[in-house]
Every structure is written in structure tokens, then in C-alpha cells.
Amino acid sequence: METNSVSKLFVFLCMAIFMCCEMTQCTVTYDKKAIVINGQRRVLISGSIHYPRSTPEMWEDLIQKAKDGGLDVIDTYVFWNAHEPSPGNYNFEGRYDLVRFIKTVKKVGLYANLRIGPYVCAEWNFGGFPVWLKYVPGISFRTDNKPFKMAMHGFTQKIVQMMKSENLFASQGGPIILSQVENEYGSESKALGDAGQNYLKWAAKMAVGLDTGVPWVMCKQDDAPDPVINTCNGFYCDAFSPNKPYKPKMWTEAWTGWFTEFGGAIYQRPVQDLAFAVARFIQSGGTFFNYYMYHGGTNFGRTAGGPFITTSYDYDAPIDEYGLIRQPKYGHLKELHRAIKLCEQALVSSDPTVTSLGAYEQAYVFSTGKGNCAAFLLNYNTRSASRVTFGNRHYNLPPWSISILPDCKHVVFNTAKVGVQTSKMQMMASNSELLSWETYDEDISSLEVRPTVTANGLLEQINVTRDSSDYLWYITSVDISPSESFLRGGQKPSLTVQSTGHAVHVFINGQLAGSAYGTRGNRRFTFNGPVNLHAGNNKIALLSIAVGLPNVGLHFETWNTGILGPVSLHGLNQGKRDLSWQKWSYQVGLKGEAMNLVSPAGVSSVDWRGSFAAQRQQPLTWYKAHFNSPDGSDPLALDMGSMGKGQVWVNGKSIGRYWLAYAKGNCNSCSYSGTYRSPKCQLGCGQPTQQWYHVPRAWLKPTRNLLVVFEELGGDISKVSLVKRSVSSVCADMSEYHPMIDTWHTESHRKSEEPNRPKVHLHCSPGQSISTIKFASFGTPLGTCGSFQKGSCHSSNSQAIVEKKCIGQERCSVSVANGNFGSDPCPDVLKRLSVEALCSPTDTSTTQPHSRR
């Protein structure tokens with residue numbers, strides 16, 4: 001039987017198994033090679049999509065795109081603090097409807113990996129723990145501590161029982177084939193010694209005892225107790241081995257990019273390196289890998305952790321924050337997945353034989369002895385391409401790449417050769433105007449009238465707020481003698497405020513004197529600046545701001561936030577005056593928060609001032625406006641580039657924190673080759689880390705949508721606008737002998753007709769069409785997308801041929817072949833076709849049928 005026929009039969013059997021699982025119970029086990037579903041070993045490709053970071057209306061589209069991209073499994077954490085905001089009071093509504101999310105995974109036809117934790121890290125506020133948990137008497141997180149274990153068991157059991165009651169585990173006919181307990185605990189268990197080991201064993205025993213009928217995993221836990229599978233997280237996991245020879249090699253977090261922090265650059269991971277990392281893992285015997293993230297989404301509300309994590313959690317994922325496909329990352333990985341699946345039977349049935357092909361080159365061969373053979377040809381060299389001989393054939397390997405041969409003969413994919421298009425995105429003006437800005441000033445004068453608490457000395461912020469608000473006022477007063485020399489023309493006194501995090505605005509007698517901030521790497525900071533004091537009583541009001549609670553670190557629940565001092569005045573006649581231990585009043589949150597100004601009901605509880613007042617740029621100001629929902633279906637965002645720092649709400653729902661902090665970093669050129677680490681490929685230096693903030697269309701009404709902004713520092717509200725996100729241009733660049741799976745199918749069947757030729761595929765967004773071919777050259781073009789140039793060899797009719805096939809189409813295909821361009825412009829030279837096209841909104845009156853060439 002031919003290899004291709006066997007592969008098709010194997011794929012058919014796998015599909016039959018999945019259909020069986022949808023209708024009846026499935027058995028899910030594991031052995032040394034793979035996860036085993038109904039007796040069949042599987043190579044499983046997974047992607048993380050966190051349900052609270054998008055809206056329920058987005059879920060099916062996101063999961064369908066994941067399936068179309070070649071995924072088998074959707075992975076998600078479970079977020080304890082979202083589901084149990086206070087002890088015994090649960091929330092599984094809206095974005096937190098976990099059952100609906102898992103049922104949507106099943107509806108689309110994928111499996112699920114439910115990572116219950118319940119510690120999640122995930123750059124999520126407090127690592128997913130509810131803040132009230134910190135105040136349980138005698139508690140200590142993630143160690144052999146009875147109060148913690150009792151709470152953790154209660155929540156884990158709650159989630160498992162919820163899934164069971166809906167028949168969502170695979171053992172019940174549901175999609176959940178794996179679950180995770182704890183999360184990246186390895187380093188902490190070592191630091192905690194016996195207490196860590198005891199807790200680890202307890203957690204594993206507790207989870208297994210819940211009898212889900214599916215395997216449990218622990219990530220980054222080399223000593224995970226049986227039968228729990230230990231798994232790897234990281235940029236690369238090919239060197240990882242499970243702790244027992246009868247466990248499969250699994251990669252629960254293949255990092256597709258990296259998170260961003262306010263004031264930091266944007267991190268990108270080249271898809272060539274990500275594909276290389278995945279292929280390395282597969283060739284070394286791995287059979288389960290999960291992209292973290294496949295869709296990152298948005299940290300709506302105050303869910304971002306860190307601190308200082310941005311509202312955007314885009315993560316350079318294959319599906320971007322707004323739910324749009326990111327090319328070429330999505331498409332290149334899709335082709336990788338197709339190539340891996342062609343090798344599946346050989347991968348799960350044999351161990352690799354490794355052969356050296358040169359100083360940097362190796363062959364990994366999987367052979368079943370029954371005619372099934374798959375090979376991975378590796379070039380580790382970061383600078384030089386290699387020509388190797390394997391199986392009496394010659395193969396060219398680009399630097400830092402792997403070629404996949406599903407029949408040990410024909411290359412169908414190379415990790416460094418990207419054949420799919422590159423899409424460039426843009427933010428375009430929408431047809432929706434923000435109408436009639438009005439303002440309301442946060443009242444500072446009444447702070448001492450309504451204190452939450454008073455105390456002698458400085459209090460830790462979260463102990464006072466219990467994280468009910470980002471904001472805590474520290475208020476005191478100081479008497480200044482008329483004899484002070486600075487009142488007679490001397491140098492102004494200065495105020496020093498030492499804070500444990502994360503930001504502070506200093507007000508003296510109601511006027512902003514200055515601000516200071518920490519960073520994610522160093523939350524602690526000191527404000528030091530001159531202050532305007534007058535003779536008599538002066539009010540000092542310090543607005544301390546949390547920018548997300550810590551989500552990682554040994555016993556981070558004990559870390560301090562807020563102003564713990566010292567707070568002192570300098571430059572008085574007496575020298576230094578320490579204010580730290582005098583009487584302080586504390587006010588939790590803002591007056592506008594207490595009045596719920598962000599909601600359609602609460603917004604009418606105060607008198608707002610008209611548009612003239614909105615032109616003033618001053619701190620601690622509330623703004624409101626109304627707008628109608630823009631036409632179309634493009635994702636929407638608010639452009640906050642004219643503002644400072646604050647929060648924003650639409651129809652009472654929090655879009656999240658905004659902050660126009662400018663990015664610092666090292667934004668030099670980026671090469672895909674060589675080991676990737678997060679500082680390697682940075683973008684956006686000198687620009688705001690985040691300027692646009694996702695507004696889900698599901699949150700909008702057709703008309704009269706309420707937008708409320710709270711600005712801490714002062715900004716130009718008139719320049720805030722609602723924009724649409726769409727594709728602006730697309731590029732493709734492909735050689736005439738680009739490896740193709742379709743070509744391999746033809747050759748493996750030994751058909752006599754001309755093999756399929758590579759094609760350049762261009763695709764604008766729905767509702768758009770290709771309006772202009774900005775560049776087209778068949779020959780030896782130079783450069784990359786956005787900077788293509790003609791090379792020494794160029795077919796003169798390249799532009800005309802591409803325009804004829806593509807102008808006016810939403811998508812088109814152009815064959816990379818001499819015959820398509822009339823003649824060979826340079827015989828005996830390897831040629832390529834490079835194209836850049838502009839996308840514009842479709843004129844429905846002139847729309848033509850899609851090109852099928």
C-alpha cells in the first residue's frame with residue numbers, strides 16, 4: 001500500500017474516533033509515545049484561548065479559526081478570582097461562562113485541555129487567586145497549609161463537578177481530554193523544601209481523586225507524582241524529557257510571542273523560529289504541543305496583573321487581539337500542521353533514528369518497518385544554508401531550519417520558507433463620531449469629610465482597598481509657620497514619598513504637584529519634588545494607584561502595595577519633617593466610582609459640564625460622550641493617543657486601563673535565525689506601548705452608546721476617536737520550487753501530468769478587494785514586504801499579469817511559473833514572484849467573482 005493511502009486511512013480512522021467521542025464516551029489514557037484516545041495514539045496540536053479575554057460572541061469564530069488552522073485542542077486556564085469574587089458567591093455569566101465556552105469547543109469539533117490550576121500566572125491579576133483568599137486566617141499560598149489546601153480543593157472540586165454535571169469530560173462524551181492541576185510550581189516547590197513537596201503530592205492526589213476519567217498534567221514540574229504527567233513550558237522544549245519512561249513528551253506552552261508592559265516595547269517572535277521550535281520538538285519524539293497564546297485577547301476591566309501589564313494581551317499570537325488572522329504566522333503554522341499530520345502514523349509508531357549529515361546537519365527518521373517513513377532534516381547553523389545528501393537525494397536547507405519529508409523522499413515544508421501572504425493591518429477612521437463631550441471633576445475638597453478609615457501612620461494599600469479599586473487616597477495636613485524662610489523668597493520645600501508600588505499623584509492644597517511610577521521590574525519608587533505650601537494649614541493628598549496585582553513570585557500574596565513611607569518634607573527651617581507617623585485619613589476609590597458614573601443609570605446622578613469645559617486639560621476628570629455603532633463588522637478600538645493615564649468604559653463595561661507610556665527598548669533589526677528570547681525582536685520604541693483599546697462590537701447598541709473616560713493626568717479628549725481595524729495591504733513572496741503538500745500528493749501518486757506549481761495567494765479582509773498592485777516582479781526581486789525592488793532578472797509583464805488576475809477581487813492566486821508570464825526571463829536561474837497589493841473597501845457595484853486561477 002502506498003504511503004499516501006496509509007496516511008489517508010489513518011486520518012479517516014482518527015476522524016471516526018473523534019466522531020465517536022462526540023456521540024459516546026471516550027477512553028483517554030497515555031503511554032510513552034502519546035495521548036491515547038480510544039486505543040489510538042495521537043499527535044495533538046493545541047492552542048490557548050482564554051475565555052475571559054474575549055466575548056462569548058467571539059468564541060465560536062475564534063475556535064473555528066483555530067480548527068481551520070490545523071488545531072485539535074483548545075487550551076484554557078480557569079480563573080478563580082473571576083468565578084468566586086467573594087467567598088461562596090460565584091460568577092459564571094458573560095465572559096466567565098466557562099460551560100458555554102467548553103460547549104462551543106465541542107460544537108466546533110475540537111478537544112479541550114482544562115487547566116484548572118487554580119493558580120494560573122497568565123499575567124492575570126493576582127495570578128488568578130481571589131484577593132479575599134489572602135485574608136483567610138492562617139493562610140499561606142501554594143504550600144502545605146491547611147486553609148489554602150481546603151480552599152483550593154473546594155474550588156477545584158467545584159469546577160470538576162460543574163464539568164461533570166454538563167457531561168463535558170471525554171469519559172462522558174465531552175471534549176475535555178486533559179486537565180491541569182497547579183501551574184509552573186517546580187521552582188517554588190524546591191524553594192519551600194518539605195512543605196513544597198508535601199503540597200505537591202497532596203495536589204496530585206487530590207486532583208486524581210476527583211475521578212474525571214482523563215489524565216492530569218503538571219507543567220514545569222519535573223517531579224510530578226504518578227500518574228500525573230509532567231510537561232514543558234518555554235520557547236523551546238526539544239531537550240525536555242518526561243520524568244518516567246512511560247509518560248509522553250508534552251509541551252503545554254510553546255510561547256508564540258511575549259506579553260507587553262506599559263512603558264515597554266512590543267515583542268514579536270518570527271514564525272520561522274516558532275515553526276523551527278515546533279519541528280524540533282516533534283522530531284525529538286514530542287506528540288502534544290500547545291501554542292501559548294493562539295489568541296491572546298484583551299485584559300478587560302482590571303484583570304491585567306504584573307503589575308504594569310497592558311490591557312492588550314495580543315502576545316503576537318496567530319489570531320490577533322481583535323480576532324483577526326495574523327499573517328504570515330497563522331498560515332505558515334497551518335502548513336506546518338498539515339506536514340506534521342502527514343507524518344502522524346510514523347511519529348506515534350516509532351522512535352527517531354538520528355544520523356549526522358554534517359557539522360550542523362542531522363536527519364531524524366521515523367520508520368515503522370511497514371512502509372511508513374517520515375524524516376526531518378535539520379540545519380542548526382544560524383548563518384549558512386546547507387546542501388545535504390539523504391537517501392541518495394540532495395536537499396537544500398536554509399539556516400536554522402528543518403525540512404519535513406512525510407515519505408522520507410519529498411520535502412513538503414521547510415520551517416524557514418514562508419509561502420503564505422503577509423498582511424499589514426491599519427486603524428482606519430470609522431463613520432461614528434463621539435458626540436457632545438461633557439466633564440465632571442473628581443472632588444478633592446471633600447476627601448477628609450468622607451474618609452474610609454483614619455490611622456496614625458501609613459497603611460498598606462490592598463489591606464485597605466481589598467482590591468475593590470485601583471485607587472487609594474492617603475490624606476494628611478501640615479501646619480506651616482509664617483516665619484518659614486521659603487515664604488519670603490527662599491527655595492521651595494520638597495516632598496519625598498517612598499512607595500512600594502505602583503504609581504502616585506501628589507496633590508498639595510488641591511493642585512497636582514507631580515507624579516511618579518514604578519516599573520514591572522521594580523515596583524518600588526520615590527517621588528521627590530518641590531511643593532507649594534502657604535502659611536497655616538496645608539492639605540497633602542496622595543493618590544496611590546495599583547496597576548494590577550502581582551501574578552508570579554514566591555508568596556507574592558505577602559508583597560506590599562501603596563505608600564509605606566517614609567513621607568517627609570525637606571527645606572523647612574527645622575530641616576526635615578517626617579510625616580510618616582502622623583494622623584492619616586484614607587479614602588478608598590474615587591467619588592465617581594462610588595456614584596457609579598460609568599453606568600447608564602449612574603451617569604445621570606451628577607451635573608456634567610458642557611463641551612467648553614471638556615476643552616480644559618486637567619487631572620482627575622471624568623468625561624462622557626455618546627456615539628452610534630459604526631457600520632460594518634470590522635473590529636473596533638478607541639484611539640486614546642491624546643490622553644494620559646486612566647480607565648475607560650462603554651455602556652458600563654470596562655474596556656480596561658489605558659496609559660500613554662512611551663516604550664523603551666532595543667528595536668534593532670530582527671533575524672529569525674538563532675535562539676529566541678523575548679528581548680530579541682522588539683518593536684515600537686519611542687511610541688506609546690498601547691494607543692488603541694479594543695471595543696467589542698457585542699457591547700454596543702445601534703445608537704446612543706455611552707462612553708465614559710476617567711483621566712488621571714490630563715489630556716485632549718476632543719482627539720479621542722473610534723477606529724476600525726482592517727487589512728491595509730498584503731504581500732506574498734514565493735519561489736518557483738517552493739515545497740508544497742499538494743505537489744507531494746501528486747508526486748507520491750506518480751501521476752504523469754505536470755506537477756502542481758506553487759501559487760502566490762493574496763487575500764484581503766471580507767468586505768475589501770484588491771484595489772492596487774503596488775509591486776509585482778517575477779524574476780529575482782529583492783527586499784521584503786513594504787520594500788520590494790526589482791532584481792537583475794524581471795519579467796516585464798509581471799505587473800499586468802498580476803493586475804489582470806487580482807484587481808477587484810477579495811482574493812486571487814497567481815502561479816509562479818514561466819508559462820504564466822509568457823516566457824522565461826532568465827533561464828537556469830531560480831526565480832520567484834513577489835507581490836504587494838493594497839486592500840480597500842469593496843465597491844459593491846463593481847464587485848467581480850473571485851478569481852480561481
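I started with Cys-219, which counts as buried at 1% relative accessibility (buried is under 20% relative accessible area, exposed over 50%, partly exposed in between, with a 1.4 Å probe and protein chains only). Cys-219 is in no disulfide, and the nearest cysteine sulfur, in Cys-121, sits 9.4 Å away. That 9.4 Å from Cys-121 to Cys-219 is too far for a bond; a disulfide here is a pair of cysteine sulfur atoms within 2.5 Å. Cys-121 is buried as well, at 9% relative accessibility.

Ground rules, before I go on. This is a predicted model, where local features need pLDDT of at least 70 and side-chain atom pairs count only at pLDDT 80 or more, while totals for chains, interfaces and linings use all residues. Residues are numbered from 1 along each chain as its sequence is written, and side-chain values use heavy atoms, with hydrogens and water left out.

Next I checked the confidence, pLDDT, which is the predictor's own score for each residue from 0 to 100. The protein chain averages 93, and 94% of the residues score at least 70. Residues 1-13 stay under 50, with 19 contacts beyond four places in sequence (contact means heavy atoms within 4.5 Å). Residues 845-853 are also below 50, and I noted 18 contacts there beyond near neighbours in sequence.

- Cys-232 and Cys-237 have their sulfur atoms 2.0 Å apart. Their link is left-handed, with -75° about the S-S bond. Cys-232 is buried at 11%, and Cys-237 is buried at 2%.
- Cys-667 and Cys-685 are joined with sulfurs 2.0 Å apart, and the link is right-handed at 80°. Cys-667 is in the loop between strands 35 and 36 and Cys-685 in the loop between strands 36 and 37, so the pair ties together parts 18 residues apart in sequence. (Strands are DSSP runs of E, at least two residues, numbered from the N terminus.) Cys-667 is partly exposed at 31%, as is Cys-685 at 28%.
- Cys-764 is joined to Cys-839, S to S 2.0 Å. The S-S torsion is about -80°, so this disulfide is left-handed. The pair links distant parts of the chain, 75 residues apart, with Cys-839 in strand 43. Cys-764 is buried at 2% and Cys-839 at 6%.

Three strands form an open antiparallel sheet in the order 1-2-3; strands pair if DSSP finds at least two bridges between them. Strand 1 (28-30) and strand 3 (40-42) are the edges. Three bridges join strand 2 (residues 35-37) to strand 3, and Val-36 has Arg-41 as its bridge partner.

Terms used: Helix = DSSP H or I, 4+ residues; strand = E, 2+ residues; numbered from the N terminus.
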